[in-house]
Amino acid sequence: PLIRAISLQDSLILIGPESGLSDAETNRLHSLDFFGVKLSDWILRTDTAAILSIGLLNHLVVKASTQQ
């Protein structure tokens, strides 16, 4: 499961532009083992996406550490 695979040491958050990533950028990121996560049905401002991403990652890491 995703929760068990997440740790802060091996996590990197990449926030794309509000207009989205190009197909070439997406393909390159996939080739580097990045995977996409949809944060919302709406397009978020870049600063809002960063805050939300850090909060969600922290939540998942704390949740995973309490389940062990």
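User: Lys-38 first: buried or exposed?
Analyst: Lys-38 counts as exposed, because its relative accessibility is 65%. The cut-offs are under 20% relative accessible area for buried, over 50% for exposed and partly exposed in between, with a 1.4 Å probe and protein chains only. This is a predicted model, where local features need pLDDT of at least 70 and side-chain atom pairs count only at pLDDT 80 or more, while totals for chains, interfaces and linings use all residues. Residues are numbered from 1 along each chain as its sequence is written, and side-chain values use heavy atoms, with hydrogens and water left out.

User: Which residue forms a salt bridge with Lys-38?
Analyst: Asp-41 does, and the closest N and O atoms are 3.4 Å apart. A salt bridge here is a side-chain nitrogen of Lys or Arg within 4 Å of a carboxyl oxygen of Asp or Glu. Asp-41 is exposed as well, at 69% relative accessibility.

User: How many salt bridges does that rule give?
Analyst: The count is 2. Asp-47 pairs with Arg-45, again with the closest N and O atoms 3.4 Å apart. Asp-47 is partly exposed at 42%, whereas Arg-45 is exposed at 54%.

User: Switching to serines. Where is Ser-40?
Analyst: Ser-40 sits in the loop between α2 (23-31) and α3. Helices are DSSP runs of H or I with at least four residues, strands are E runs of at least two, and numbering goes from the N terminus. At 19% relative accessibility, Ser-40 counts as buried.

User: What does the side chain of Ser-40 reach?
Analyst: The backbone nitrogen of Trp-42, at 3.0 Å. For a polar contact, the N or O atoms must be within 3.5 Å; within protein, one must be able to donate a hydrogen and the other to accept it, and residues adjacent in sequence count only if both atoms are side-chain atoms.

User: And Ser-53, which helix is that in?
Analyst: Ser-53 is in helix α3, and it is buried at 10% relative accessible area. A polar atom of its side chain lies 2.7 Å from the backbone oxygen of Ala-49.

User: What does Ser-53 touch, leaving out residues up to four places away in sequence?
Analyst: Ile-13, Ile-15 and Leu-39. Contact means heavy atoms within 4.5 Å.

User: Which residues form the nonpolar patch on the surface?
Analyst: Phe-35, Val-37, Leu-39, Leu-52 and Leu-56, with about 430 Å² of accessible area together. Patch residues have over 30% relative accessible area and no salt bridge; like charges are joined within 9 Å and nonpolar side chains (Val, Leu, Ile, Met, Phe, Trp, Tyr) within 5 Å. Areas come from the Shrake-Rupley method with a 1.4 Å probe, and for residues only the protein chains shown count as cover.

User: Now the whole protein. How many helices and strands?
Analyst: There are 3 helices and 0 strands. Of the 68 residues, 12% count as buried. The accessible surface comes to about 5,700 Å², and 58% of that belongs to carbon and sulfur atoms.

User: What share of the contacts with a separation of 6 or more is between residues 24 or more positions apart?
Analyst: Those pairs account for 71%.
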